[in-house]
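Below are some notes for a colleague who is opening this structure for the first time. Please read them with the model in view.

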Amino acid sequence: MEKKIILASKSPRRIELLTKAGFDVVVMPADIEERVDPELKPHEVVMSLAKQKAYAVRESVYACSNPLSAQTDIIVAADTIVSLDEIIGKPTNVADAEKILMHLSGRKHQVYSGVAILTYNAEIIFAEKTDVFFKPYAASDIKDYLGTDEPYDKAGAYAIQGYFGRFIDHIEGDYDNVMGLPVSTLVRYLTPYM
């Protein structure tokens, strides 16, 4: 029986990254209330959230799948955060997006993605970190950007592959990780199970 990836996310970026990597992807978003211990470090936060999502989807899959499918399907869940002095989430409005982006201007920050992989008899959880270096910019430079939809569903209020890429000086680490899924590391972990 062919193995498929059940992606516990509706993120278009994660779907695109897995599809481009050649995986047969079934989208089954995790519907959970995210709970995080405030004492956790950023890499621990994303691993915890990815694990919560993966197990929530696993319960749904096992409840509705035939036993053979449950033994061959692989669940992949991920969570991504931006960190600079503290964890930076998704902006709640235009003023919040502007505040976040001005805080990042001319500075280095970290993007962490946590990934949980669940197979019938294995659990793999890891985190990847990428350093992102922003060029300095003024509030007037990002005014048009704040009027688009792009900043509002992304941690840190930007997408590296979108309009805001023009303000990125360089990165150290995995580009795909900044998009929300460290594909090369994920493939390395998945290969033994495919």
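1. Glu34, Lys53 and Asp79 are linked in a network of salt bridges. The model is a predicted one.

2. In total the structure holds eight salt bridges. One of them joins Asp131 and Lys129, with an N to O distance of 3.9 Å. Asp131 counts as buried, at 9% relative accessibility, and Lys129 as partly exposed, at 42%.

3. Another salt bridge pairs Lys20 with Glu16, with 3.0 Å between the closest N and O atoms. Both residues belong to helix α1 and are four residues apart, about one turn of the helix. Lys20 is exposed, with a relative accessible area of 66%; Glu16 is partly exposed, with 35%.

4. Which residues of helix α1 (residues 12-20) are buried? They are Arg13, Arg14, Leu17 and Leu18. Viewed down the axis of α1, these fall within an arc of 125°, so they line one face of the helix. The face turned away from that buried side carries the exposed residues Pro12 and Lys20.

5. The buried residues of α1 pack against β1 (5-7), β2 (25-27), β3 (74-84), α6 (175-179) and α7 (183-190). After α1 comes Gly22, which has a positive phi, near 95°.

How values were computed:
Residues are numbered from 1 along each chain as its sequence is written. This is a predicted model: local features need pLDDT of at least 70, side-chain atom pairs count only at pLDDT 80 or more; totals for chains, interfaces and linings use all residues. Side-chain values use heavy atoms; hydrogens and water are left out. Buried means under 20% relative accessible area, exposed over 50%, partly exposed in between (1.4 Å probe, protein chains only). Helices (H or I, at least four residues) and strands (E, at least two) are DSSP runs, numbered from the N terminus. The arc is that of the directions from the helix axis to the C-beta atoms. Contact means heavy atoms within 4.5 Å. A salt bridge is a side-chain nitrogen of Lys or Arg within 4 Å of a carboxyl oxygen of Asp or Glu.
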